[in-house]
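Trainee: Show me how to read one residue and one interface.
Mentor: Start with the model.

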There are 2 protein chains.
Amino acid sequence: MSWKRWLLGSPLETSRLAEERLTVALALAVFASDALSSVAYATEEILLVLSTAGLAALNYSLPIALIITGLLALLIASYRQTVLAYPEGGGSYLVARENLGTMPGLVSAAALLIDYVLTVAVSSAAGVAAVTSALPALAGHKVAMGVLFVSIIAVANLRGVRESGRIFAIPTYTFIGSLVLLLAVGMWRATRGLPAIEAPVGVLQDATHAVTAFLLMRAFSSGCAALTGIEAISNGVKAFRPPETRNAATTQVIMGCILGTFFLGITWLAHVYAIVPGEGQTVISQLGRAVFGSGGLYFLLQAATAAILLVAANTAFAGFPRLTSILANDRFLPRQLATLGDRLVYSNGILILSAAAMLLLIVFQGDTHALIPLYAVGVFLAFTLSQAGMVRRHLRVRDGAYRMHAALSAAGAVATGAALVVIAITKFTHGAWIVVVLVPALVVSFLRTHRHYFYVRTQLSLIEMEPERPIRHTAIVPISAVNRATIYALRYAKSIAHEVEAVHVALDPRRAEMIQQQWRTWGGGVPLRMLESNYRSLITPLVDHIDDLMQGRRRNEMVTVVLPEFVTAHWWEGLFHNQSAFLIKGALLFRPGVVVTSVPFHFKR
Amino acid sequence: MSWKRWLLGSPLETSRLAEERLTVALALAVFASDALSSVAYATEEILLVLSTAGLAALNYSLPIALIITGLLALLIASYRQTVLAYPEGGGSYLVARENLGTMPGLVSAAALLIDYVLTVAVSSAAGVAAVTSALPALAGHKVAMGVLFVSIIAVANLRGVRESGRIFAIPTYTFIGSLVLLLAVGMWRATRGLPAIEAPVGVLQDATHAVTAFLLMRAFSSGCAALTGIEAISNGVKAFRPPETRNAATTQVIMGCILGTFFLGITWLAHVYAIVPGEGQTVISQLGRAVFGSGGLYFLLQAATAAILLVAANTAFAGFPRLTSILANDRFLPRQLATLGDRLVYSNGILILSAAAMLLLIVFQGDTHALIPLYAVGVFLAFTLSQAGMVRRHLRVRDGAYRMHAALSAAGAVATGAALVVIAITKFTHGAWIVVVLVPALVVSFLRTHRHYFYVRTQLSLIEMEPERPIRHTAIVPISAVNRATIYALRYAKSIAHEVEAVHVALDPRRAEMIQQQWRTWGGGVPLRMLESNYRSLITPLVDHIDDLMQGRRRNEMVTVVLPEFVTAHWWEGLFHNQSAFLIKGALLFRPGVVVTSVPFHFKR
C-alpha cells in the first residue's frame, strides 16, 4: 500500500477532524470557484444561441444577462437566509426535506447529485477549451486532458479538504485578479474608442432561426449556467471556521458580488467588441486577445481561466461526498458513503463522483456545448425546492422580520421555478431529457435502499427474541482425500461438535475404496459416509444429504459443514484449489441452520 | 440454468462414457478433417510467396508440392507405427516424454497446444474466406463471422464427442466428394485442352524478389501448412471403437492418401490454369469458377470447403481438451482440466481453446495469411520430438522388424527437423517468433504448476503426523451492534467453544456506550471487550487483539472468529453488507490457528 500512502498521505487521527476547517479566504477558493468560473462559458452559451438568428440578435445578450444577474441577486439574498437558518449545512436536501417532506427532499438531492457530476464534467471540458484556445496543437486530446484533470482533482481531494483549499487558493485569486484587469483595461480602451488589438476570429454564419420568444428563452436557459454552483456554500457550512454561519454568509455575499460584476462585464465587453463564438477559440480567449493582444497577459488569463475551472470542478468534490454522506446517514444510500476514509474525507463519494464525471467526458467527447443542456435543470430544481422550503420555514418559525424573509424566499422560488420550466422545455431535446429521466430513477433507488435498511432493522430487532436454548450441533466434514488438511479439519470439527460425520462423494470408485481403507487408520472413530454421484457432481449429493439431515430439525439444532481450505504461498496457486469449497458455500448459503466453516491449511514456501 | 440445458443437453451418467466411441467413418470426419481441409489454403500460400518473384517462379509450385507430399508419406508411415505402439493415445507428448524425458515431452505439449489454438483460428479464418469468395458482400464482417463459427463449434463440442461426430460427418464427405469432382472434371477439361470457363481474377504484381533459395524455402515453409493436423489421430486413439489401434491406423492411412491426392491435384490444376492468388478470392474459388463456372457446383464446392474448415477447427476441439486433461492428470496443468463436465467432455479445455482462438481472430483481424506463419512451427516441433522418441523406443523394445521401423522414424525425424529449422528461420520475422517465445513460457508454467502440486502433496502427507490432542478453543465475536444477528452469532459461538469473548471496535464513542448498556441485558454472561481505534480502522485493532491472544499459544490452542453474515433476499442488497466480514476474513487468512466462521442470518422478503 506504499504507493497509496505516497499519493494520498498517511492516515489522520480522528481527533484531528476539528482542525480541518476553512477560513473565509480559503472557503472562497473552495466553494466560490464553481459559481465564478461559470463566467468562462455562460456568455458564450448565450451568444451561441443568439448568433443562429444573425447579427442583430446579438444585441439581446445584454438584457438577458441583466435578467440573469437579477435572478442572481435574489438567489444570493435568499441563500444567505438559508445559511443563517441552517448552521449544520445540508442545503436544498435538508431544507426541502424538513419543510416540504421526504419526497421533495429526495428529488432535490437527486437533482443536486446529478449537477455535482455535471459541474465536474462541464468545468473540466471548459478548462480544457481554455487551454486549447491558447494552444491549438492540443485540440486533438480533449477527452484525455479532461480525464487527467479529473484524476488530479480527485487525488487532491482524497488527501483531505484543508490541503485542497490550500492547493486551489492561488488559481482562484489569480483568476479574480486577471479578470479584473481584463475588464478594467477593456473598458478603458472601449471608452477611449481604441480598436481591438487582435480582431475576433468568430465568423457569423447565415441566420437559420428568426428572433422568436422561444429563441430568447433558449438563450436565457443557456445563460443560466452562470448561476450553477452558488448553492455550494449552503451545503458546506460545517467546513467553515467558527463562527460558521457568519463566515459562510459573508462568503456567499462576496461571491455574489464578484460573480455579478464579472458576468455583466464580460457580456458587455463581448458586445462592444462584437465577438461571435468561433470554432477553436472561446469567447474569453477572443476577448483576451482583443484587449491584451497575444502576449503574456493573454496567456496568464487563459491559464487562470483553465485553473479556476478545475478548482470549480473541485467544488463538486467538496459538495458531492458531503451530500452522499448525509443521504447515507439517513439510509437513502448505502452506509459505506457515510464513513470517513483514513484521510478524514468521504473517499467513496469522491471515487464515485470522479468515475461518473469521467464517463460523461468520454461519452460527450469532452464538449462543453453538448454538456450544458443537461446542466441547469438539476440546479434550478434544487433552487426552487429549497426556497419553497424556506418560505414554509419562515411562516412556521416566525422569527424577526419573518414576513419580509418569507416574501424574499417566495420571490426566489417563483423566479427559479419559472426559469426551471423555461430551461426544461427549451433544452429538453438537447439533453435535458436525460436529467428528467435520471431524477426519478435516483429517487426510486433512494427509496428502495431506505426500505431495505428499514426491513433489516425490523428483522434484526431484539423485540420478542426467543429465550436461549443450548444449540445441538452436528458437524459434517466433506473429504475428497485423506491428508493432513482433512485430518486437521476433522480434529477441528470434533472440537466444536459432539456429533461428527465425514462424507465422501464417490466420483471415482477406486478412489472411494482407497479413502475407506485409509479412514480405518486416520478416521479417529468418526464415521465415514459414502455418497453416490451419477452425474459427476460434487455438490448435489452433499446438499441432498444435508437436506435429509435438516429435515424435521428443531430451532436449536444446527449443522456445521467443516471444509479444509488451502492457503497457498502465491495468489495464483490459490486458483488451483478451493473451488469446491466456494461452490459448497454458495449452495448452502440459503439454508437456515447450516453454517459453513473453512479451516485454513497453510502451505509453507 | 435452463438455457444451459437447452443449449448443451441434459447431464449424462458416467456409466454412458464407454458408449461415446467413434467408428472409422465418423473418426475420419472428426480427426481427418484438419489435415484434409488444409488443401484449401496450402497451395495458395505457396503461390503467394512465389508470385512475388514473377510468373516464371510459379513453375516451382509443383516441385515444392511434391517434396511436401514426400514428407507427408514419411510422416503417415511413421505415425502409423506410433498409433500401433500407443493404444492409450497421447501422441507427441506421451511419446516424447516416455522416450526422451520430461522436458522434450513438455516442449512437445506446449507446441501442440499452441497449434491446436492456431488450427481453430486459421481454419475459421480460411472458412470465412471461402464464404466471402463466393459472397463478396460479407467481406466486411470477417472477424465477427470467425468468432461466430468458433462459438458454434464450441457449443457442438460441449454437447459431447459422439454428437459432434455426427454433426460433422456430412460436410466432410461432401467436401471429399466435391473435391474429387473438381479434380476429375478439371483434369478431363485440361487433357482435352478446354479453356477456363471463367478466367482467374488474380493479377500478377511486379516482381519484388528474385528467385533465391531463401524464397523457395519460404514457399516450402508456407506449403507445410498442408501437413498440420495429421497428428490428431495419434492423440485420440482412445476415442475409437474397439479394436482402437487398428481402426486408428486404418484411418491414418486413408487420410494420408486422400490428403496427398488432393494437395498435388490442386497444385497441378492451379498450375494448368495459371492461377495467381488475388484479393478477395481464394485459389480454390478461382479454380472452381474456372472448372465449374459460377453455377450450383461452384457454390457447393465453396460451401463444402467452408464447412470442412469448420470441421477442421473441430479437430482441435477433440485434441486440445484431451491433451490438457492428460497434462492435468500428470499435474502440469490445474486439475480442473482433468474433470469431465456433465456431458462427459472436458468442458474447461473446450472453453479455454475457444477463448484463445477468438482472441487470435480478433488480434489478426481474421486474416489467414497473417496467421499462417505462426502455424507450422509448433506442429513440426512436435513431429520431430515425437519421431525422435519413436527411434529411441524401437531401439529399446526391439520387437519385430525394429531396425526398419527405427530407420523409418529416424528418416521422419531428420526430415521434419530440417523442415522445422527452415520454417523457423524463413518465417521468424513474420510471426514465428511469437511461437518461439510462447513455447518456453508454457513449459515454465507447466513446471511451476508441477512444483506446486508436488509441494502440496508433500506437505499434505500424513507421514510424521503428530498424534491427536484435544483442541482448546476460544471464540471471538466481533460486534458492531447488538441485534438479532449478533445474538445468534453469540449463541453459536457459545455452542462451539468453552471460552467466548465479544469485542467491539469503538469507532464512535456514543455508539460504544450504547452497546455496553445493551450488553448488560443481552450479553448472556459473555464478557465484552472494547478496542480503541484512532484511525477509524475496524480491522487493525481486531487483528492486533487476536495476535495478542495467539502469542505464546500451543499447537492445540485455536481461535475461532464468529461473524454474523447477512443473507439478503435480493443480490444487490448483499452489496450493502458483509464488507467488514470480507475484510476481516482476508486479514486473518494467513494467521495459523485462526478460523473465521460466518453465521448466516436470513432476511425474509
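**One residue, then the interface**

Mentor: Leaving out residues up to four places away in sequence, B:Thr119 touches B:Asp34, B:Ala312, B:Ala313, B:Ala316 and B:Tyr375. Contact means heavy atoms within 4.5 Å. This is a predicted model: local features need pLDDT of at least 70, side-chain atom pairs count only at pLDDT 80 or more, and totals for chains, interfaces and linings use all residues. Residues are numbered from 1 along each chain as its sequence is written, and side-chain values use heavy atoms, with hydrogens and water left out.

Trainee: Is B:Thr119 buried or exposed?
Mentor: Buried means under 20% relative accessible area, exposed over 50%, partly exposed in between (1.4 Å probe, protein chains only). B:Thr119 has 4% relative accessibility, so it counts as buried. It sits in helix H6 (residues 102–134) of chain B, a helix being a DSSP run (H or I) of at least four residues, numbered from the N terminus.

Trainee: How is the size of an interface given?
Mentor: Often as the accessible area lost when the parts come together. Here that is summed over both parts, with a 1.4 Å probe. Chain A and chain B bury about 6,700 Å² between them, 56% of it on carbon and sulfur atoms. In contact are 75 residues of chain A and 76 of chain B.

Trainee: What relates chain A to chain B?
Mentor: A rotation of 179° with 0.1 Å of shift along its axis superposes chain A on chain B (RMSD 0.2 Å). In chain A, A:Ile496 has the C-alpha nearest the axis, 2.1 Å from it.

Notes
Chains are lettered from A and ligands numbered from 1 in the order in which they are written. Buried area is the accessible area (1.4 Å probe) that two parts lose on being put together, summed over both. Helices (H or I, at least four residues) and strands (E, at least two) are DSSP runs, numbered from the N terminus. Copies are superposed by least squares on the C-alpha atoms of residues with pLDDT of at least 70 in both.
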